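Hi,

Here is the structure I promised to pass on. Please have a look at it first, and then read my notes below.

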Amino acid sequence: MGFGVVLLIIFVGIAASGIKIIPQSKAIVVERLGAYHRTIQTGLHYVIPIFERVANVVSLKENVKDFAPQPVITKDNVTMQIDTVVYLQITDSKLYTYGVENPVNAIENLTATTLRNIIGELELDETLTSRDVINTKMRAILDEATDPWGIKVNRVEVKNILPPRDIQDAMEKQMRAERERREAILKAEGEKKAAILIAEGEKESAILRADAKREAHIREAEGEAEAIVKIQEATATGLKLLKEAGMDDAVLKFKSYEAMVKVAEGQATKIIIPSELQNFATAGTVFNETIDRPKPPKPPVANLDKPNKI
């Protein structure tokens, strides 16, 4: 009785061991009698004990492999260290299990050889500035090579590029010289723009001064012209009034005489008197001399109060 119970317990335990619960993003490769039988995905499954076994448990998540730096030689014979990061994902559990022995090691070696082939076609400067090209070429080559292994290469990134120390020193000096050259160019361009702005400012200032001076001359000329017009209008008005007043020749000659007097007060050394004014000027001169002639002294008046001394 006790032996039968033991056998029953053993049988139940063996039967229960075939129950498999597959979590999310996992897959199990099942073999039957040593040959591939099926791949079971997420959920509750049963594997027949003794006849079937789990050959491999595969993770379907994207995996990141950071490989160690690899020595590579450029086209211009410069040796440098380059390390890469590969983003891969298992798409076929059967191929991954039976396609290649140690798939991660195989991908690492394939990455190193592919990187050497690509860098060998590039010079140092192209290698430092062509990371996108290197990444694209490596991803295409690795993705095609890993298809038989059930692996999908999503991305390949060049993590670090480390040239030799002397090359780094030379590059730093070159970069420093380039920055100094750019600084000198920017400084020269700034000084040029400043000089142009100053010249333009002086030009505009000179134009404004010339415009102001021209405007002042125009205003002054307009003022003088207006004054002349006013004077002529006043003269015309005066003449009109004199004509309306009916002036005779004597008054006109007297006015002419006044004008000649004003002319005589100037700095001219010779004055030409019109013939019609000569007689009038002579009469005026006699009249003035008569007025300006000193009067004769009055005779003394005898003092009757005091007797004259003899």
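Let me start with a term: a nonpolar core here is a set of buried Ala, Val, Leu, Ile, Met, Phe, Trp, Tyr and Cys residues joined through side-chain atoms within 4.5 Å. Buried means under 20% relative accessible area, exposed means over 50%, and partly exposed is in between (1.4 Å probe, protein chains only).

Two notes on the source. This is a predicted model, in which local features need pLDDT of at least 70 and side-chain atom pairs count only at pLDDT 80 or more, while totals for chains, interfaces and linings use all residues. Residues are numbered from 1 along each chain as its sequence is written, and side-chain values use heavy atoms, with hydrogens and water left out.

**Overall**

The protein chain has eight helices and nine strands; helices (H or I, at least four residues) and strands (E, at least two) are DSSP runs, numbered from the N terminus. Of its 310 residues, 18% count as buried. With contact taken as heavy atoms within 4.5 Å, 61% of the contacts between residues at least 6 apart in sequence join residues at least 24 apart.

**Cores**

The largest nonpolar core holds 26 residues, and those touching the most other members are Met80, Ile82, Val86, Leu115 and Ile134. Strand 8, helix 3, helix 5 and strand 9 each give two or more residues to this core. A second, separate core has five residues, among them Ile28, Val30, Ile40 and Val47. In soluble globular proteins, nonpolar side chains tend to be buried together.

Looking at isoleucine 134 itself, and leaving out residues up to four places away in sequence, its contacts are Leu115, Ile118, Ile119, Leu122, Thr127 and Val158.

**Helix 3**

Helix 3 runs over residues 103-119, and its end C-alpha atoms are 24 Å apart, in agreement with the 24 Å that its 17 residues should span at 1.5 Å a residue. The expected span is 1.5 Å times one less than the number of residues. The buried residues of helix 3 include Ala106, Ile107, Leu115, Ile118 and Ile119. Among the elements covering them are strand 8 (79-90), helix 5 (131-146) and strand 9 (151-162). Asparagine 117 also lies in helix 3, but is exposed at 54% relative accessible area.

How many aromatic pairs does a search of the whole structure find? It finds one, taking rings of Phe, Tyr and Trp (its six-membered ring) with centres within 6.5 Å, where planes under 30 degrees apart count as stacked, over 60 as edge-to-face and the rest as tilted. Tyrosine 36 and tyrosine 98 form this edge-to-face pair, 6.0 Å centre to centre with 80° between the planes. The partners are 62 residues apart, tyrosine 36 in strand 3 (residues 35-40) and tyrosine 98 in helix 2.

Finally, aspartate 143 is in helix 5 and is buried, with a relative accessible area of 12%. Not counting residues up to four places away in sequence, aspartate 143 touches Ile151, Lys152 and Val153.

Best wishes
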